Each structure stands twice: as C-alpha cells, then as structure tokens.
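Dear colleague,

I am passing on the structure below, together with notes on what turned up in it.

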Amino acid sequence: MDPTLWAYTPASGRSEHNSLVGYRVEATDGGIGKVDKHSDEVGSAHIVVDTGPWIFGKHALLPAGIISSIDIAAETIHVSRTKQEIKNAPEFEKDQHADDAGYRERLGGYYGGFIG
C-alpha cells in the first residue's frame, strides 16, 4: 500500500490548525457532500464525507492523498477523483470501517490503482 496515499500532500494547503468539518467536497466533476470528520493521524490521514442526497444516507472515506487542494476561505476541498470513481470505491460503513485497517488497505488498493 502506498503510504503517501494516507498523507496530505504539501500542495493541498492543509493546515493542522483548521478543522475541516463542514467543508464542501468537490470531485473533479462536481460536489459530493460535506466533511463529517477528518483525521490527521500519520499513516492514516483521511476525510469522511457525508454524501447527503448524492448517495442517500451514505458516507465515503477518502484518503488524504487524493485531496488536490483545500480552499480555507471558501471552506471547500477539491479531490482528484470523479464522482463515479468515488461512488465505485469499496462501500464505507461508518460504524464498522472507521478504525478498520483491512478496510483502509482495500480502499488504498482501489485509489492507489488510479494514475494521477
């Protein structure tokens, strides 16, 4: 598993002093929801997105490495994947997968398989 996938890139603009909860999340082709929770944990940094009506009642866990930029003024996070790529990711069950290393490994294999 690519460890850089689970870390914020320097280009993302991530500042540990800002909470990302409530930020809008934009895929390359449109909005997917708002940040419900985030983690800056070394080797496991990620955001959990409440997809709202887009995928009703679902959440998506996104590795920090796919975050291309964070606009603090606009409270918006841009990720380097399409809505369909995010929708096709291994399904995330918030209560079951939040601290599941096996799930993160599967998810890392999925997202790590993309070029760019």
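A salt bridge is taken here as a side-chain nitrogen of Lys or Arg within 4 Å of a carboxyl oxygen of Asp or Glu. The model is a predicted one, in which local features need pLDDT of at least 70 and side-chain atom pairs count only at pLDDT 80 or more, while totals for chains, interfaces and linings use all residues. Residues are numbered from 1 along each chain as its sequence is written, and side-chain values use heavy atoms, with hydrogens and water left out.

The structure holds four salt bridges. In one of them Lys 94 pairs with Asp 36, with the closest N and O atoms 2.3 Å apart; since Lys 94 lies in helix H2 and Asp 36 in strand S2, the pair ties together parts that are 58 residues apart in sequence (helices, H or I of at least four residues, and strands, E of at least two, are DSSP runs numbered from the N terminus). Lys 94 is partly exposed at 33% relative accessibility, and Asp 36 is likewise partly exposed at 28%, where buried means under 20% relative accessible area, exposed over 50% and partly exposed in between, with a 1.4 Å probe and protein chains only.

Another salt bridge joins Glu 93 to Lys 58, the closest N and O atoms being 3.9 Å apart, and it links the loop between H1 and H2, which holds Glu 93, with the loop between S3 and S4, which holds Lys 58, 35 residues apart. Through shared partners, salt bridges bring Lys 58, Glu 91 and Glu 93 into one network.

Arg 14 is buried, at 17% relative accessible area, whereas Asp 40 is partly exposed at 31%. The charged end of Arg 14 also sits over the ring of Tyr 8, 5.4 Å from its centre (the criterion being NZ of Lys or CZ of Arg within 6 Å of the ring centre and within 35 degrees of the ring normal).

Tyr 8 is also among the residues touched by His 46, as are Trp 6, His 38 and Leu 62, not counting residues up to four places away in sequence; contact here means heavy atoms within 4.5 Å. His 46 is found in strand S3 (residues 46-50) and is buried at 6% relative accessibility, and a polar atom of its side chain lies 2.6 Å from the backbone oxygen of Ser 44.

Tyr 110 and Tyr 111 form an edge-to-face pair, 5.0 Å centre to centre with 75 degrees between the planes.

Conventions
Polar contact = N/O pair within 3.5 Å; in protein donor to acceptor, adjacent residues only side chain to side chain. Phe/Tyr/Trp six-rings, centres within 6.5 Å; stacked < 30°, edge-to-face > 60°.
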